[in-house]
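Dear colleague,

Please find below the structure that I am handing over to you. My findings follow it, arranged by topic.

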Amino acid sequence: MIFVTGGAGFIGSNFILDWLALGDEPVLNLDKLTYAGNLNNLARLKDDPRHLFVQGDIGNRVLVAQLLERHRPRALLHFAAESHVDRSIDAPGEFIATNINGTFALLEEARAYWQDLASAQKSAFRFLHVSTDEVYGTLGPGEPAFTERTAYAPNSPYAASKAASDHLVRACHHTYGLPTLTSNCSNNYGPCQFPEKLIPLMIANALAGKPLPVYGDGQQVRDWLYVGDHCAALRRILEAGRPGEVYNVGGCNEMKNIDVIHTLCDLLDAALPRAVGAAGYRSQIVHGADRPGHDRRYAVDAGKLQRELGWAPAETFGSGIANTVRWYLEHRAWAAAIASGAYRNGLADAGAAA
């Protein structure tokens, strides 16, 4: 069995669905079910005995200890996090509580559990911490992409909280020997993403006839990673990653935010064209003030993961975004059910990864 935290969120739920589609090893899923956690993401597993769901907080050390002792997992994959940059600007305390204090509590209980394992189980155990490229800060137009050796320079409360959690994971390995793995991924997109993030927000607003709000000039550059490719990378890191190592996961798809929005509009024009003579979806684009501390460019060098573990993304941005638009068009009720109150001033966050 594996133990997943935050498995009702966007990346965590995609990971669990992929995991159980590819094998029969059970998953213990601990999720607090905050605004971004949605069990509807896992509806197809409702009666599947391989998926054990527990609603709870990673900061509840008594609960985590009980779950570890009862279910005896061979690995713990830590997805649970507050991840929206705008929300971190408005309410940073939640990010400190979950991303830093919660990760510390989880590490402490995982370490206590691991220390009591038999020798063979102890050497095989893994703690995989899922993090973000935002810990590295921002890049200029001509600068090389982030590598695992790039110095940390977080520029938002969200990024700072994730950087702190990364450091706690590293320290736990180097001080106590806990066999940890850390992944730092670029911007994810795909099915089941909460509609405050750029791509699902633009799709929802376009279909509703609402403005498509863009921060500043929209020239911010992100490396876009299809969530299915991310899940495949995590499976490979869990399988063969070296304890104590960090692996960057990128989609090899650097794109400006405004170009992503234009692509979405063009796909929607083809799939759901407006009435003859009506303006296309691009006509709904509006530019607003930029976000405080908005990083200009992220780019991820995933060469280490490719060289050492043989992973490479299967999706281009073209194929991944087509899959994504198709999913949202087929699941409009899903998006409508959770969209209310999901935004800050109507502006989308294109920076958070998880």
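Setting aside residues up to four places away in sequence, Lys122 has contacts with Trp114, Gln115, Leu117 and Pro179. Please bear in mind that this is a predicted model. Lys122 itself belongs to helix α5, which covers residues 119–124. Its relative accessibility is 28%, so Lys122 counts as partly exposed. Between the C-alpha atoms of Lys122 and Arg274 there are 60 Å, and the two residues are 152 residues apart along the chain.

Leu139 sits in the loop between β5 (126–132) and α6 (157–176). With a relative accessibility of 10%, Leu139 counts as buried, because the limit for that class is under 20%. Its contacts, not counting residues up to four places away in sequence, are Pro144, Ala145, Phe146, Arg296, Arg297, Tyr298 and Ala299. The C-alpha atom of Leu139 is separated by 27 Å from that of Cys265, a residue 126 residues apart from Leu139 along the chain.

Ser183 is part of strand β6, which runs over residues 180–185. Is Ser183 buried or exposed? Ser183 has 0% relative accessibility and therefore counts as buried. Neighbours within four places in sequence left aside, Ser183 is in contact with Leu128, His129, Val130, Ser131 and Thr132, and also with His230, Leu234, Ile237, Tyr247 and Val249.

I turn next to the salt bridges. Side chains of opposite charge can pair when their charged atoms come close. How many salt bridges does the count come to? The count comes to 16 salt bridges. Several of them are described here.

Asp24 and Arg50 form a salt bridge through their side chains, with 3.0 Å from N to O. This pair links distant parts of the chain, 26 residues apart: Asp24 is in the loop between α1 (10–22) and β2 (27–31), while Arg50 is in the loop between β2 and β3 (51–55). Asp24 counts as exposed, because its relative accessibility is 61% and the class begins over 50%.

A salt bridge also joins Asp57 and Lys32, whose closest N and O atoms are 3.3 Å apart. Since Asp57 lies in the loop between β3 and α2 (61–71) and Lys32 in the loop between β2 and β3, the pair ties together parts that are 25 residues apart in sequence. Both partners fall in the partly exposed class: Asp57 has 29% relative accessibility, and Lys32 has a relative accessible area of 43%.

In the salt bridge of Glu109 with Arg61, the closest N and O atoms are 2.8 Å apart. Glu109 lies in helix α4 (residues 92–115) and Arg61 in helix α2, so this pair ties together parts that are 48 residues apart in sequence. Glu109 counts as buried at 13% relative accessibility, whereas Arg61 counts as partly exposed at 35%.

Elsewhere, a network of salt bridges links Arg242, Glu245, Lys304 and Glu308.

The helices that carry Glu109 and Arg61 also pack against each other. The angle between α2 and α4 is about 35°, and their axes are 10 Å apart. Their crossing is right-handed. On the α2 side, the contact is made by Arg61, Val64, Ala65 and Leu68; on the α4 side, by Phe104, Ala105, Leu106, Glu108, Glu109, Ala110 and Tyr113. These residues divide into eight nonpolar, no polar and three charged.

The crossing of α7 and α9 is right-handed. Which residues meet in this packing? From α7 come Leu198, Ile199, Met202, Ile203, Ala206 and Leu207, and they meet Asn257, Val260, Ile261, Leu264 and Leu268 of α9. The contact of α7 with α9 comprises 10 nonpolar residues, one polar and no charged.

With kind regards

How values were computed
Residues numbered from 1 in each chain as written. Predicted model: local features only at pLDDT ≥ 70, side-chain atom pairs only at ≥ 80, totals over all residues. Heavy atoms only, no water. Left-handed = near helix turned anticlockwise from the far one by under 90°. Helix = DSSP H or I, 4+ residues; strand = E, 2+ residues; numbered from the N terminus. Contact = heavy atoms within 4.5 Å. Nonpolar A, V, L, I, M, F, W, Y, C, P; charged D, E, K, R; others polar. Buried < 20%, exposed > 50% of the residue type's maximum accessible area, 1.4 Å probe, protein only. Salt bridge = Lys/Arg side-chain N within 4 Å of Asp/Glu carboxyl O. Axes fitted to C-alpha atoms, helices over the stretch in contact; angles between N-to-C directions.
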